[in-house]
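We will go stop by stop.

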Amino acid sequence: MSTKPLLLLLLLLPGLLQAQPKPAPKKAPVKKVAFDATKRPRNLTDDQLLDLVQKQTFRYFWDFGHPVSGMSRERSNVAYDYGNEVVTTGGTGFGIMAIIVAADRKWITREQAATRIYKIVRFLEKADQFHGVFPHWMDGATGKVIRFGAKDDGGDIVETSFLMEGLICARQYFTGDTPIERDVRNHILWMWENVEWNWQTQGGQNVLYWHWSPNNGWSMNHQIHGWNECLITYVLAASSPKYAIEKPVYDQGWAVGPEFKNGKEYYGVKLPLGPDLGGPLFFTHYSFLGINPHGLKDQYADYWQQNQNHTLINYAYCVDNPKKYKGYGPNNWGLTASDSHKGYAAHNPKEDLGVISPTAALSAFPYTPEHSMRALKHFYYDLGDKIWGEYGFVDGFSEQHNWYAKSYLAIDQGPIVGMIENHRTGLLWKLFMSSPDVQRGMTKLGFESPMLKPVTK
C-alpha cells in the first residue's frame with residue numbers, strides 16, 4: 001500500500017490541528033436575580049398602574065408556562081406533595097384569556113400569542129380526556145392525569161368549562177387569514193365539539209355531575225347546583241354543537257338547592273342568589289371572565305345586580321371587620337379562595353381567617369371600580385415591599401398574623417388580568433358573547449342580554 005496519503009496527512013496535521021476551533025470556555029451557570037419588590041415605579045397614573053399590574057401578572061402565564069405543553073402551572077411553589085409538572089385545566093383557560101389580552105395590548109405579537117395557544121391545543125388533543133372532558137390536573141410534560149383527590153382521577157366538567165371559556169375567546173379573536181390563526185380556530189373547534197356535556201348528566205338526569213372516572217365511574221356523585229362559580233358550565237353545556245343539554249337540566253339541576261335563592265339584605269344590600277353574605281368572590285369572577293353580566297337577566301336574577309351586590313357585601317364586611325383583624329378597611333378588602341397561613345381556604349365572611357386575597361378586589365374592578373382602585377393603590381404603594389413580585393401580587397396575606405404568601409396560583413392570577421381588561425375595554429366579554437354557539441345556548445336557557453341577538457324564525 002502506498003505511504004503517500006499517510007505522509008501527506010503527517011505534513012498537514014500541524015496546520016489542521018492549529019485550524020481547529022478551540023473549545024468554548026465553560027460558562028458559569030446563570031444566576032437568576034431575585035426580584036426586588038422595592039424597585040417599583042411610583043407616581044403612576046391610574047391607567048399606568050393598571051397596565052403595569054396586568055402586564056406583570058400576565059408573566060405568570062407567559063414566562064412561567066410549562067415548557068412542554070405551554071399550559072398554566074397550578075401554582076408557583078411546590079406544595080401539597082406534587083411537583084413542577086402539575087398543570088391546571090381551568091387555570092389554563094384563564095391563562096389563554098390573559099394571553100389574548102397581552103396580544104391585544106401588544107405586549108407580545110399576535111403571532112406569538114396564536115403560536116402559544118396552538119401549542120396548548122395540540123398538547124391537549126393528545127392528553128388524557130374522558131368523553132372529551134379533561135381532568136382537573138395533568139402532567140404538563142406527558143398529558144397524563146394527575147389525581148386531584150382519592151377518586152378524582154377522570155374528567156372534571158367544571159375545569160373543562162373554564163378551559164373552553166378561554167378557548168372560545170381565542171377562536172373568536174384569531175380570525176386572521178394566516179396559517180397559524182386558521183390552525184388555532186380549526187383545532188379549537190374540533191376540541192370544543194368533542195366535549196360530551198350531556199354525558200355528565202349520568203344517563204339523562206336533569207342535572208350535571210362534576211366528575212366521571214373510568215376507574216371510579218360516578219362514585220363521587222357530585223351534582224352541580226347553584227349558586228357558585230359554575231354558571232359557565234351550564235351555559236357551555238347548553239351551547240354545545242353536538243352534545244348539548246336542554247333547559248330542564250338548567251332549571252332542575254342548577255337553579256335548585258339550599259344556596260341558590262337568597263333575597264336577604266346584608267349591610268343594607270340585597271343579595272338575589274347564593275349563600276349567606278355571598279360566599280367567596282370568585283363566584284363573580286370565573287364564569288364572568290367570558291359571560292358579560294351587564295344587562296344579563298333570566299327568570300332567576302339580574303346578574304349584574306347579583307355580582308355587584310355580592311362584591312359590595314364583601315367590601316362592607318371587611319370595612320365593618322367584626323373580628324377586628326389588623327389591616328382590614330376601605331383600602332384593604334377582598335375575601336376569596338387563596339392560600340393562607342393555615343393552607344388553602346375558601347375565604348369569605350363566613351370563613352374569615354384574617355387573610356386578604358388580592359385577586360378578590362382586583363378582579364372586582366368591573367363591579368366596584370372605586371373600591372378596587374383604592375385597594376390596588378394600597379396593595380402596590382403601601383404593601384408592595386411584601387406582596388408585589390415577579391408575577392404581580394402574591395396569592396394572599398394577613399397583617400393580623402404577619403403572614404405574606406410567596407406563592408402565585410393560576411386560578412387567582414388569571415382573573416386579575418381578564419377582569420381588569422373587561423373593566424377597561426370589555427374585550428373578553430365581546431369575544432365570548434360573539435360566539436354563535438354561546439348565543440344559541442344562552443338564548444335556549446332563557447337569558448336576556450343586550451349582547452344576545454334576537455332569534456330569527
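Select Lys151, Asp152, Asp153, Gly154, His211, Trp212, Ser213, Asn216, Gly217, Ser219 and Met220: they line the second largest cavity. A cavity is a set of points on a 1 Å grid, over the protein atoms alone, where a 1.4 Å probe fits but cannot get out; lining residues have an atom within 4 Å of a point. This cavity holds about 30 Å³ of space. Its lining has two nonpolar, six polar and three charged residues. Here Asp, Glu, Lys and Arg count as charged, Ala, Val, Leu, Ile, Met, Phe, Trp, Tyr, Cys and Pro as nonpolar, and the others, Gly among them, as polar.

A caution: this is a predicted model, where local features need pLDDT of at least 70, side-chain atom pairs count only at pLDDT 80 or more, and totals for chains, interfaces and linings use all residues. Residues are numbered from 1 along each chain as its sequence is written, and side-chain values use heavy atoms, without hydrogens and water.

Next, the largest cavity, with a volume of about 70 Å³. Among its lining residues are Phe64, Arg73, Tyr82 and Val86. By class, this lining has four nonpolar, four polar and three charged residues.

Now select Phe447. Beyond its neighbours within four places in sequence, Phe447 is in contact (heavy atoms within 4.5 Å) with residues including Leu231, Tyr250, Tyr303 and Leu452.

Finish with the largest nonpolar core, which has 136 residues. Such a core joins buried (under 20% relative accessible area, 1.4 Å probe, protein chains only) Ala, Val, Leu, Ile, Met, Phe, Trp, Tyr and Cys residues through side-chain atoms within 4.5 Å. Ile100, Met164, Tyr303, Phe379 and Phe447 have the most contacts inside it.

Methods: Buried means under 20% relative accessible area, exposed over 50%, partly exposed in between (1.4 Å probe, protein chains only). On a 1 Å grid over the protein atoms alone, a cavity is a set of points where a 1.4 Å probe fits but cannot get out, and a pocket is an open set with protein on both sides within 12 Å along at least five of seven lines; lining residues have an atom within 4 Å of a point. Grid points are joined across faces, edges and corners, and a volume is the space filled by probe spheres set on the points.
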